[in-house]
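Here is a short briefing on one protein chain. Please look over the sequence and the structure first.

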Amino acid sequence: MKRRFVTLDVFTTRRHAGNPLAVVLQSEGLDTEAMQAIAREFNLSETVFVAPPEKAEHRASVRIFTPGGELPFAGHPTVGTAVWLALTDEAEGRPADMLVLEEKVGLVSCAVSIKGSHAGHATFTLPRLPERAGETGTPAAIAAALGLQAGDVGFGAHVPTLFSGGVPFHCVPVASGEAIGRARLERGHWSAAFGHGGAFLYTRETTEPGHDFHARMFWPGAGIEEDPATGGAAAAFAGAVMAYDKPGDGDHRLVIEQGYEMGRPSQITLELSVRDGALVSARIGGSAVVVSEGVLL
């Protein structure tokens with residue numbers, strides 16, 4: 001059976017930037033093993049498989065795979081899939097500005113706007129608020145795993161922590177833009193610091209003015225050497241922002257830049273709603289542009 005697919009670049013407004021995503025549009029009849037094999041064939045950070053929803057009021061059911069395994073939730077697949085489905089609906093004369101995706105983590109509500117025939121923007125509400133998910137390595141172990149010095153790890157009140165907004169990520173504050181640029185994946189030291197998990201590095205020193213954080217993400221256990229933009233990590237990072245920056249009551253909007261060291265600049269918007277000192281909701285948004293269409297034989 002032939003199956004259509006598209007690829008999009010996500011968390012960017014232009015092609016050949018952001019984070020590439022493959023979306024397989026006809027996944028009926030594929031089992032988990034077949035989906036994993038297709039994801040390895042695309043060899044992108046994530047590949048999405050779209051199927052009809054279980055409930056008619058939802059837009060689609062989706063499964064998300066890295067080259068190394070399935071994820072219950074991820075940010076750039078959610079944004080890219082929502083944009084593609086909105087473009088499809090618009091082309092078929094049934095536009096909608098809201099849609100709900102059925103993901104393994106639960107229902108994910110997305111607000112979508114299209115920009116012409118091949119691009120759009122989506123913002124989704126986190127299906128789970130971030131929470132602490134265990135312990136991370138010592139600063140010395142973390143520095144060794146990232147090719148850094150112990151003094152490069154941490155700034156202000158920020159220390160390494162493990163948070164999950166659906167998928168756990170080690171959130172690693174880095175003291176400077178120069179230091180985060182030196183970071184590299186040291187496989188021989190990785191498990192001592194992070195186990196099989198991914199590390200989301202962040203610093204306040206940004207490449208572009210008007211942005212709030214500069215980030216990088218490494219996750220060898222998922223088959224991801226480095227990721228150009230990681231919405232699931234941004235969801236976890238919301239927990240670190242709440243814990244260490246302690247934003248006041250109200251709505252806050254942060255822009256995270258990522259992928260610059262890879263030549264794939266990306267911008268992720270993280271919105272926080274804080275009431276009585278607690279995070280009551282959070283949203284992640286970004287743009288996406290269609291790059292290619294094809295058929296799996």
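Which residues form one aromatic cluster? Phe155, Phe200, Tyr202, Phe213 and Phe237 do. Rings of Phe, Tyr and Trp (its six-membered ring) pair if their centres lie within 6.5 Å; planes under 30 degrees apart count as stacked, over 60 as edge-to-face and the rest as tilted.

This is a predicted model: local features need pLDDT of at least 70, side-chain atom pairs count only at pLDDT 80 or more, and totals for chains, interfaces and linings use all residues. Residues are numbered from 1 along each chain as its sequence is written, and side-chain values use heavy atoms, with hydrogens and water left out.

**Overall build**

- The protein chain has 6 helices and 17 strands; helices (H or I, at least four residues) and strands (E, at least two) are DSSP runs, numbered from the N terminus.
- The radius of gyration of the protein chain is 18 Å, close to the 19 Å that the globule rule gives for 297 residues, so the chain is as compact as a globular protein of that length. The radius is taken over C-alpha atoms, and the rule is 2.2 Å times the number of residues to the power 0.38.
- Along the principal axes, the C-alpha atoms fill a box of roughly 55 × 45 × 30 Å.
- Of the 297 residues, 59% count as buried. Buried means under 20% relative accessible area, exposed over 50%, partly exposed in between (1.4 Å probe, protein chains only).

**Strand E8 and its partners**

- Strand E8 (residues 119-125) is mostly covered, with 5 of its 7 residues buried.
- Strand E7 (residues 106-114) runs antiparallel to E8 and is joined to it by 5 bridges. Two strands pair if DSSP finds at least two bridges between them.
- Cys110 stands opposite Phe124 in E8.
- E7 and E8 form a hairpin with 4 residues between them. Gly116 in the turn has a positive phi of about 80°.
- Strand E17 (residues 278-296) also pairs with E8, in the antiparallel sense, over 7 bridges. There, Ala288 is the bridge partner of Gly120.

**Aromatic pairs**

- The count comes to 10 aromatic pairs.
- Phe5 and Phe42 form an edge-to-face pair, 5.2 Å centre to centre with 70° between the planes.
- That pair links distant parts of the chain: Phe5 in strand E1 (residues 3-10) and Phe42 in helix H1 (residues 32-42), 37 residues apart.
- Phe5 is buried, at 14% relative accessible area.
- Phe73 and Phe124 are also edge-to-face, at 5.8 Å and 75°.
- Phe73 lies in the loop between strand E5 (69-71) and H2, and Phe124 in strand E8, so the pair ties together parts that are 51 residues apart in sequence.
- Phe73 and Phe124 are buried.

**Pocket and cavity**

- On a 1 Å grid over the protein atoms alone, a cavity is a set of points where a 1.4 Å probe fits but cannot get out, and a pocket is an open set with protein on both sides within 12 Å along at least five of seven lines; lining residues have an atom within 4 Å of a point.
- The largest pocket holds about 240 Å³ of space. Its lining includes Arg4, Trp84, Arg94 and Ser117.
- Helix H2 (residues 75-91) gives the most to that pocket lining, with 5 residues.
- The largest cavity has a volume of about 80 Å³. Of the 16 residues that line this cavity, the closest to its centre are Glu46, Ala74, Phe169, Thr230 and Gly232.
- H2 also gives the most to the cavity lining, with 3 residues.
- A volume is the space filled by probe spheres set on the grid points, which are joined across faces, edges and corners.
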